[in-house]
Amino acid sequence: AGRLWVATENSGVSVVQAAGKVVHYDARNGLPSDVVYSLFEDRDGSMWVATAAGVVHFARSRIDRFGVESGLPDAPAFHFCWRASRTDPLSAVMRG
């Protein structure tokens, strides 16, 4: 709420907060890859980020990464979709 999330092709994600402060996330501080394909805000306002090397979930002050170690295929995550019967989004991946 009150934030603008900006995905980039090769530089990660920038978050412009309500006060104008910009926070940047990339492979050095939370993302598995600097290549970001899509963003998805879920029902509770947390953000899901699809990258070339997995999925990241930003929830309040937590950053959770999901990749091969979490059971995802070793492939880029491209898009998210919502299932009404679940609380978490699904991600579309290549070879998955």
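Select aspartate 42 to begin. It lies in the loop that links β4 (36-41) and β5 (47-51). Keep in mind that this is a predicted model.

**Stop 1: aspartate 42**

Is aspartate 42 buried or exposed? Aspartate 42 is buried, yet it has no salt bridge. Look for the nearest side chain of opposite charge: it belongs to arginine 60, 8.2 Å away. A salt bridge needs the two charged groups within 4 Å. The side chain of aspartate 42 reaches the backbone nitrogen of aspartate 44, at 3.1 Å.

**Stop 2: arginine 60 and its hairpin**

Stay with arginine 60 and colour β6 and β7. Arginine 60 sits in the hairpin of these strands, where two residues lie between β6 and β7.

Next, follow the strands themselves. β6 covers residues 54-59 and β7 covers residues 62-66. They pair in the antiparallel sense, over five bridges. Opposite valine 55 stands phenylalanine 66, in β7.

**Stop 3: the three-strand sheet**

Move on to β1, β2 and β3. These three strands form an open sheet, in the order β1-β2-β3, with antiparallel pairing. Which strands stand at the edges? β1 and β3 (22-25) do; each has a single partner strand, so one side of each is left without a neighbour in the sheet. Turn the view to look for the twist, which averages 20 degrees from one strand to the next.

What holds such strands together in general? Strands of a sheet pair through backbone hydrogen bonds, either parallel or antiparallel.

Now zoom in on β2 (residues 13-16) and β3. Four bridges join these two strands, which run antiparallel. Select valine 13 and look across to β3. The residue opposite valine 13 is tyrosine 25.

**Stop 4: arginine 3**

Finish at arginine 3. It is placed in the segment before β1 (4-7). Arginine 3 is partly exposed, with a relative accessible area of 38%.

What does arginine 3 touch, leaving aside residues up to four places away in sequence? Select Val15, Val16, Gln17 and Gly45 to show these contacts.

Last, select alanine 18. Arginine 3 and alanine 18 are 15 residues apart in sequence. In space, their C-alpha atoms are 5.6 Å apart.

Methods: Residues numbered from 1 in each chain as written. Predicted model: local features only at pLDDT ≥ 70, side-chain atom pairs only at ≥ 80, totals over all residues. Heavy atoms only, no water. Buried < 20%, exposed > 50% of the residue type's maximum accessible area, 1.4 Å probe, protein only. Lys, Arg positive; Asp, Glu negative; His and termini not counted. Polar contact = N/O pair within 3.5 Å; in protein donor to acceptor, adjacent residues only side chain to side chain. Contact = heavy atoms within 4.5 Å. Pairing = 2+ DSSP bridges. Axes fitted to C-alpha atoms, helices over the stretch in contact; angles between N-to-C directions.
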